[in-house]
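I opened this model to look up its fold, its core and a few loop residues. The entries follow in the order in which I made them.

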Amino acid sequence: MTFRTPALKFSSFHVPSDIVAVSSARRRVVAIVRDWDLPLVEGTVETLELLAGEVITNAVVHTGEGCQVTVSWDGLRVRLEAEDTKGGHLPERAPAGLDGESGRGLQLVDGLAQTWGCRPTTGGKAVWFEIGGCSPSTSRPSSAASESDFSFEGGGAQRLVAMAEPGSHVPSGFRTPVAVT
């Protein structure tokens, strides 16, 4: 999937194959976004940090190699992409067992990102996600949302959320607006 508009800002860096490098990569992603001084809603940077950690960890752990991380801003959304050099099977969100110690990373990405996916690349694959979070006073709803998805009456905004049993997948067209105060 490509951006709806060209990236206004972007930064890219390499993460070594050592799992210890993931925490510094997460902090670097946060530092990049904070340096850009984006008009983000409270909590968006924390969500970005959490999801970046999941995607980067998957790239390092499941390939045994490092990855290239690219962070970009298109004016409405922050996009993070982790590209590795191991081709083959594209990752999918799979149910994790109740006692499982892993397997929830893409479930978090699926639940918290506005959109996400993976794609084959020339030398491997890339997993990406986008999160929005422009403050209402400085932006308009993204092209993925309609005007009826947002309401600022009564001091609370509405946003799309998925409501389902744990482990089930909710297509984006089945998300329900709920009040956020």
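**Entry 1: a loop residue**

I started with threonine 122, which counts as exposed because its relative accessibility is 88%; the cut-offs are under 20% relative accessible area for buried, over 50% for exposed and partly exposed in between, with a 1.4 Å probe and protein chains only. Threonine 122 sits in the loop between E4 and E5. I looked up its distance to threonine 85, 37 residues away along the chain, and the two C-alpha atoms are 8.6 Å apart.

**Entry 2: ground rules**

I noted that this is a predicted model, in which local features need pLDDT of at least 70, side-chain atom pairs count only at pLDDT 80 or more, and totals for chains, interfaces and linings use all residues. Residues are numbered from 1 along each chain as its sequence is written, and side-chain values use heavy atoms, with hydrogens and water left out.

**Entry 3: confidence**

I read off an average pLDDT (the predictor's confidence in each residue, from 0 to 100) of 73, with 60% of the residues scoring at least 70. Over residues 137-181 the pLDDT stays under 50, and I found 49 contacts beyond four places in sequence for that stretch in the model. A contact here means heavy atoms within 4.5 Å.

**Entry 4: overall layout**

I counted 3 helices and 7 strands, in the order β-α-α-β-β-α-β-β-β-β along the sequence. These are DSSP runs numbered from the N terminus, helices being H or I with at least four residues and strands being E with at least two. Of the 181 residues, 36% count as buried. Among contacts with a separation of 6 or more, 61% are between residues 24 or more positions apart. The accessible surface, from the Shrake-Rupley method with a 1.4 Å probe, is about 10,400 Å², and carbon and sulfur atoms hold 54% of it.

**Entry 5: the core**

The largest one has 33 residues, and Val15, Ile56, Val69, Val78 and Phe129 have the most contacts inside it. Strands E1 (9-15), E2 (67-73), E3 (78-84) and E5 (125-131) each give two or more residues to this core, as do helices H1 (21-36), H2 (44-63) and H3 (105-112). What does phenylalanine 129 touch, leaving aside neighbours within four places in sequence? I found contacts that include Leu48, Leu51, Val55, Val78, Leu80, Val109 and Trp116.

**Entry 6: helix H1 and the residue after it**

I checked the length of H1: its 16 residues should span 22 Å at 1.5 Å a residue, and the end C-alpha atoms are 23 Å apart, which agrees. The expected span is 1.5 Å times one less than the number of residues. The buried residues of H1, among them Ala25, Val29, Ile32 and Trp36, pack against E1, H2, E2 and E3. Just after H1 comes aspartate 37, in the loop between H1 and H2. Aspartate 37 has a positive phi of about 55 degrees although it is not a glycine. Most residues other than glycine have a negative phi. At 66% relative accessibility, aspartate 37 counts as exposed.

**Entry 7: strand pairing**

I took two strands as paired if DSSP finds at least two bridges between them. E2 pairs antiparallel with E1 over 7 bridges and antiparallel with E3 over 6 bridges. Serine 11 stands opposite valine 71 in E2, and glutamine 68 has glutamate 83 in E3 as its bridge partner. E2 has 5 of its 7 residues buried, so it is largely enclosed by the rest of the structure. The hairpin of E2 and E3 has 4 residues between the strands, and glycine 75 in it takes a positive phi near 100 degrees. I then went to E4 (residues 115-120), which runs antiparallel to E5 and is joined to it by 6 bridges. Threonine 115 is bridged to glutamate 130 in E5. E4 and E5 form a hairpin with 4 residues between them.

**Entry 8: lysine 86**

Is lysine 86 exposed, partly exposed or buried? I found that lysine 86 counts as partly exposed, at 36% relative accessibility, in the loop between E3 and H3. Beyond four places in sequence, lysine 86 touches Thr63, Glu65, Gly123, Gly124 and Lys125. Its C-alpha atom is 9.0 Å from that of alanine 59, 27 residues apart along the chain.

Key: Core = buried A, V, L, I, M, F, W, Y, C linked by side-chain atoms within 4.5 Å.
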